[in-house]
Amino acid sequence: GTPCTSRLADMYHLLSLVRPGLLGASKGDFRHSFFSSASGGHVCRYPSQLERVLHAFAMLRRTKAQVAAELPPRNELVVRVGVRRRHADALHGQLAERQQPPDAAQAPPDAAADPVSLAGVRTSAHRAGLLKAIALHESGSWLRVRLEALRAAADEAARRGDSPPRKLLLFAHHIRVMDQLEVTAGEALGDAEACVRLDGTSDGPAKNALIDRFRSERRALVALVSTTACGAG
């Protein structure tokens, strides 16, 4: 699965919960024993030995066949977003404002005629994500309807003194897709601060503060989360 730590040395805290002392009395001891000081403590000197220790004393491997019977049935809902010509025109208009002169050595042959390529959007997945985000910005889209209903439910709960409604998580991958979704959420909720954005621009402590804010503040109704944030998938 996806690793839950960004750096190998950070596994010390996880292993200290299940096997106290296995990797040393402290994280400093762990770094000193297994990692190179010349690399700032990030390059493991003995990866094969560390692997053997983990497999022998800490790791439990369970295959899909072993756990499938324990999992609930998967519910899959496919929501198709209709993308029309006006959405493509809006995408080109937005990105044309951000385009940079192409590097002759790196730009594709037709880049000069394509503002999307000039803006750094190379893959079809990136283009498709932007088109969908633009389509979802329109009034009446399922996302705007959901956000407006959430805002109304939050206002009603505050008026009655009830607990806030269930909050909404939005996941995206590309930064420009997140930019568009953030604008949509702010407009639909009537409050830009009601959307908490969590992506790679924030360091660890800042991310923790954003997560705490989303969990605790009534005003924070939506979390817009990058699928690559936090090194946890």
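Is F30 buried or exposed? F30 counts as buried, because its relative accessibility is 0%; buried means under 20% relative accessible area, exposed over 50% and partly exposed in between, with a 1.4 Å probe and protein chains only.

Before going on, some ground rules. This is a predicted model, in which local features need pLDDT of at least 70 and side-chain atom pairs count only at pLDDT 80 or more, while totals for chains, interfaces and linings use all residues. Residues are numbered from 1 along each chain as its sequence is written, and side-chain values use heavy atoms, with hydrogens and water left out.

Back to F30. It makes an edge-to-face aromatic pair with F35, at 5.2 Å centre to centre and 85° between the planes. Rings of Phe, Tyr and Trp (its six-membered ring) pair if their centres lie within 6.5 Å; planes under 30 degrees apart are stacked, over 60 edge-to-face, and the rest tilted. F35 is buried as well, because its relative accessibility is 3%. Three aromatic pairs turn up in the whole structure, and one aromatic cluster consists of Y12, F30, F34 and F35.

Next, two helices, meaning DSSP runs of H or I with at least four residues, numbered from the N terminus. The axes of α8 (residues 142–160) and α9 (residues 175–189) cross at roughly 45° and come within 8 Å; axes are lines fitted to C-alpha atoms over the stretch in contact, with angles from 0 to 180 degrees between N-to-C directions. In contact, meaning heavy atoms within 4.5 Å, are L143, R144, L147, E148 and R151 of α8 with L181, T184, A185, E187, A188 and L189 of α9.
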